[in-house]
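The following note sets out points on the model for the record.

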Amino acid sequence: MIKADLHVHSCLSPCAQITMVPSVISQKIKEKQMDIISITDHNSCRNLVSFAKRINGFFIPGVELTSFEEVHVLAYFHSIEAASNLCDFVKKFLPKTTYDPELMGYQIIVNEQDEFQNLEEDFLGLALQLSLTDLVDIICSYEGIPVYAHIERRFGVLYQLGVFPKDDRVKLAEARSKEGWIQGIKSGFVVLSSSDAHAPDEIGCRFTRFAIEDLNLKELFDVLSMPSREKVLSIWD
Amino acid sequence: MKISQVVERLGLEVCCGNCEQEILYGCSGDLLSEVMSHAKPSSIWVTVQSHVNIVAVAAISGIKAIVLCNDHKYPQETIVKAEHEGICLLKTSKSPFEVAGLLYSIGIKS
């Protein structure tokens, strides 16, 4: 059984604490006995390389994208290159706005030694000018796996759109509560539970158990691509 | 008041639906879960949300007409679904604030 927390923000997300740097997150993974995590910043992949170097082998490249309807969608990738290509593509759909890090939060790009490299200057907390359907199209075209994030909470698909849209390409949903988990399963999804950590102590407060013998990224990715209730177990199973 | 009267007085564009239906109330909002829990039957709904699910929300809540503001456009999918459900889709370049104010001023209350 593999324990995974597949929704963790780094210091690049404006809403996350600036202490979410590679050494701290890597330490927390050990403390909380997580076998694998995914770094999923808002609308950007610019910290993935640094985190991958630091937490080598325990890492799935990811991103949390915001659609035009302000629905959060997670996307997981088999390689950092694929994730980065998608992020480069969607960047042009991010509205340009004046951005004050003091007010709206710092967006810090770090290296694997936790050293400051740069500040992301475009505000990442905005909705991409892409409809939910188009966003899922794009994720699939970059061979990513789309997942509705925290379905029953703010910016979750149920919260924003009332009912699930009909889209067979999205097989996974992420729930925060047992009620959300039940709703997701009833609607035919395989349901993940992750922390959505914005601070170090939140890492691992929710996780998903994958019925896989050994830690093998390819196998885990295969399970995410063709998910089944037998292989994806939440904390409520 | 009939939807057609509202259309005329606010200068709205009709995208589809039967404008001879009567509306009694108004509501506004872009969070579909919020509208589902608060809208009264026979309402006209002011929003910037155009996702196809607005039609389902309208059908569930008994909303008869939707006004899409700020010059946003309905996706084809939304129009097809609305025609099927008999929901009247309207649009305007006016802001939701202005449309809500105008509706209120002609006697549509929440």
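1. In this predicted model, Asp137(A) and Arg169(A) form a salt bridge, with 2.2 Å between the closest N and O atoms. The pair links distant parts of the chain, its two members being 32 residues apart. Asp137(A) belongs to helix H5 of chain A, whereas Arg169(A) lies in the loop between helix H6 (157–161) and strand E8 of chain A. Over all chains, a search of the whole structure finds 13 salt bridges. As background, side chains of opposite charge can pair when their charged atoms come close.

2. Chain A contains an open sheet of 9 strands with mixed pairing, ordered E9-E8-E7-E4-E3-E2-E1-E10-E11. Strands E9 (190–192) and E11 (232–233) of chain A are at the edges; each has a single partner strand, so one side of each is left without a neighbour in the sheet.

3. Within the sheet of chain A, strand E4 (residues 72–76) and strand E7 (residues 145–148) run antiparallel and are joined by 4 bridges. Tyr76(A) has Ile145(A) of E7(A) as its bridge partner. Helix H5 (residues 132–141) of chain A packs on this sheet and touches strands E3 (59–66), E4 and E7 of chain A. The direction of H5 makes about 145 degrees with that of E7(A).

4. Helix H8 (residues 217–225) of chain A also packs on the sheet. The strands of chain A that H8 touches include E1 (2–8), E2 (36–42), E8 (172–174) and E10 (208–210). Relative to the direction of E3(A), that of helix H8 makes about 35 degrees.

5. Chain B has an open sheet of 5 strands, in the order E1-E5-E4-E3-E2, and the pairing is mixed. At its edges stand strands E1 (13–16) and E2 (25–28) of chain B; each has a single partner strand, so one side of each is left without a neighbour in the sheet. On average, and with direction ignored, neighbouring strands of this sheet are turned by 25 degrees against each other. The pairing of E1(B) with strand E5 (residues 88–91) of chain B is antiparallel and extends over 3 bridges. Opposite Val14(B) stands Leu90(B), in E5(B).

6. How many residues of chain B are in contact with chain A? There are 11 residues of chain B in contact with 11 residues of chain A. Together the two chains bury about 890 Å², of which 58% is on carbon and sulfur atoms. Leu31(B), His51(B) and Asn53(B) supply 47% of the area that chain B buries against chain A, more than any other three residues.

7. Between chain B and chain A the count of salt bridges is 0, while 4 residue pairs are found in polar contact across the interface. Helices H2 (32–38) and H3 (53–61) of chain B each supply at least two residues of the side of chain B that touches chain A. The residues of that side comprise 5 nonpolar, 5 polar and 1 charged.

Methods:
Residues are numbered from 1 along each chain as its sequence is written. Chains are lettered from A and ligands numbered from 1 in the order in which they are written. This is a predicted model: local features need pLDDT of at least 70, side-chain atom pairs count only at pLDDT 80 or more; totals for chains, interfaces and linings use all residues. Side-chain values use heavy atoms; hydrogens and water are left out. Two strands pair if DSSP finds at least two bridges between them. Contact means heavy atoms within 4.5 Å. Axes are lines fitted to C-alpha atoms, for helices over the stretch in contact, and angles run from 0 to 180 degrees between N-to-C directions. Buried area is the accessible area (1.4 Å probe) that two parts lose on being put together, summed over both. A salt bridge is a side-chain nitrogen of Lys or Arg within 4 Å of a carboxyl oxygen of Asp or Glu. A polar contact is a pair of N or O atoms within 3.5 Å; within protein, one must be able to donate a hydrogen and the other to accept it, and residues adjacent in sequence count only if both atoms are side-chain atoms. Ala, Val, Leu, Ile, Met, Phe, Trp, Tyr, Cys and Pro count as nonpolar, Asp, Glu, Lys and Arg as charged, and the others, Gly among them, as polar.
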